[in-house]
Amino acid sequence: MANSLTTNVTETFQKIYGEQPSMLLQAPGRVNLIGEHTDYSDGFVLPVAINLGITMAMRPREDSKVRVYSIDFDETMEIDLSDYQNTNDSWQEYIKSLAWALQEDGYELRGWDGVMAGNIPIGAGLSSSAALENIAAKAFALASDFTLSLAKMAILSQKGENQWVGVNVGIMDQLISAAGQQGHAMLIDCRTLEYEHIPIPDHVTFMVLDTMTRRELTNSNYNLRRQEVEQACEVMQIDLLRDCSQAMLCAFQEQLEPLIFKRAHHVVTENDRVLRFGEAMRTADLQKMGELLNQSHASLRDDYEVSSKELNTIVEISQAHPACLGARMTGAGFAGCALALIDAAQVDSFKQYVYDNYHAKTGIEPNIFPVDSANGVQVL
């Protein structure tokens, strides 16, 4: 992550609190290469932590007060850990959610002072929320002198977002932001939380294609999709779609409403695509990787219906460029970003081509940029 973030939070901390911070923390965002809307069915996902994230300067306190200034929002959060409420104040609730989740799990917390800034486009589907949750969890652990495993950090971050913020996310975003490894993607089994770091093949680049359209998960159909998946499970009398094969799904097709069948079809086939993509990465089969990305987008567009006109447009334009091996929407969908796997030697021509054609078709100026892999949450 950019050194400018480190400088900015350090200098701002000194201005606000009158002394240098005692610690600097970073947590990355992520792009999910493949495996969308599978994590809350205990399925498989294959994200990569990226060199965009949140940086925080902090110092522990001896009392129970938490004070955090957000440079990006120009707002200060101040709470007492013995008495705080959910007021739906955007970014502040993600920090409160970790205080709540940790206390619910039996941890005794002390306060801390912090200043934070980030360079993840908010609402773009690159998981700024998970980065904020993990960095808050790390800050609470450091201030209160206890250790959290990476898996525990992810689980409690997910719990906070589910039960405090009110968005029923799966575990993927929190776990990749916690445990990512530079130079690798991470194949995650969302049931066991076991993961494998798979090297990213040489000579390719992942391009983020930000449509510059935005959504809020709490105001989208995200929770509705979860309900539709649960309906499919009820009919098939299984706990989660992780337990459903393609053959089993086909056997139940007549008993499922057509819409519910489509939703389940995406999840079941996407799980299969993730495992095949992981194998293609291990053997550096770039053509197969690209094909699976294209198939994933078609499934998200047609079966799960979480794409958008702008996402479909930018994906189709990208797929038409000769440098592009494959492209698809990434993140929860409804707006935000797509992802393209391209020949690293043609970054500039690809970027210009997609920019020009997307702008011509939509009137919107997209933000197109390559991302590098990064490590998970860490103390600098």
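The points below describe a predicted model, beginning with the whole chain and then taking selected residues in turn.

1. Basis of the note. Because the model is predicted, local features are given at pLDDT of at least 70 and side-chain atom pairs at pLDDT 80 or more, while totals for chains, interfaces and linings use all residues. Residues are numbered from 1 along each chain as its sequence is written, and side-chain values use heavy atoms, with hydrogens and water left out.

2. Overall fold. The protein has 11 helices and 12 strands, these being DSSP runs numbered from the N terminus (helices are H or I with at least four residues, strands are E with at least two). Its C-alpha atoms fill a box of roughly 60 × 50 × 40 Å along the principal axes. The radius of gyration is 21 Å, which agrees with the value near 21 Å for a compact globule of 380 residues; the radius is taken over C-alpha atoms, and the globule rule is 2.2 Å times the number of residues to the power 0.38.

3. Burial, contacts and surface. Of the 380 residues, 58% count as buried, where buried means under 20% relative accessible area, exposed over 50% and partly exposed in between (1.4 Å probe, protein chains only). Among contacts between residues at least 6 apart in sequence, 72% join residues at least 24 apart, a contact being heavy atoms within 4.5 Å. The protein exposes about 15,100 Å², and carbon and sulfur atoms supply 44% of that area, which comes from the Shrake-Rupley method with a 1.4 Å probe.

4. Charge. There are 28 positive and 51 negative side chains, and the centres of the two sets lie 1 Å apart. In this count Lys and Arg are positive and Asp and Glu negative, with His and the chain ends not counted; each charge is placed at NZ of Lys, CZ of Arg, CG of Asp or CD of Glu.

5. Asp113. This residue lies in strand E5 (residues 112-118) and, with a relative accessible area of 1%, is buried. The side chain of Asp113 makes a polar contact of 2.9 Å with the side chain of Arg59, and another of 3.0 Å with that of Arg61. A polar contact is a pair of N or O atoms within 3.5 Å; within protein, one must be able to donate a hydrogen and the other to accept it, and residues adjacent in sequence count only if both atoms are side-chain atoms. Leaving aside neighbours within four places in sequence, the contacts of Asp113 include Phe13, Tyr17 and Arg67.

6. Glu93 and Glu161. Glu93 is found in helix H2 (residues 91-104) and Glu161 in helix H4 (residues 150-165). Glu93 counts as buried because its relative accessibility is 4%, and Glu161 counts as buried at 2%. Beyond neighbours within four places in sequence, Glu93 is in contact with Gln85, Asn86, Thr87, Asn88, Trp164 and Val165.

7. Glu196. In strand E7 (residues 195-199), Glu196 counts as partly exposed at 34% relative accessibility. Its side chain makes a polar contact of 2.9 Å with the side chain of Arg282. Apart from neighbours within four places in sequence, Glu196 is also in contact with Ala185, Met186 and Leu187; Ala185 is 11 residues away in sequence and 8.3 Å away in space, C-alpha to C-alpha.

8. Phe206. This residue belongs to strand E8 (residues 204-210) and counts as buried at 5% relative accessibility. Phe206 and Ala340 are 134 residues apart along the chain, yet their C-alpha atoms are separated by 5.7 Å. Setting aside neighbours within four places in sequence, the contacts of Phe206 include Leu33, Ile200, Leu339, Leu341 and Phe369.

9. Positive phi values. Two residues deserve a look at the backbone. His37, in the loop between strand E1 (23-34) and strand E2 (44-60), has a phi near 60 degrees, a positive value in a residue other than glycine, and counts as buried at 4% relative accessibility. Asp145, in the loop between helix H3 (128-144) and H4, also has a positive phi of about 60 degrees although it is not a glycine, but Asp145 is exposed, with a relative accessible area of 67%.
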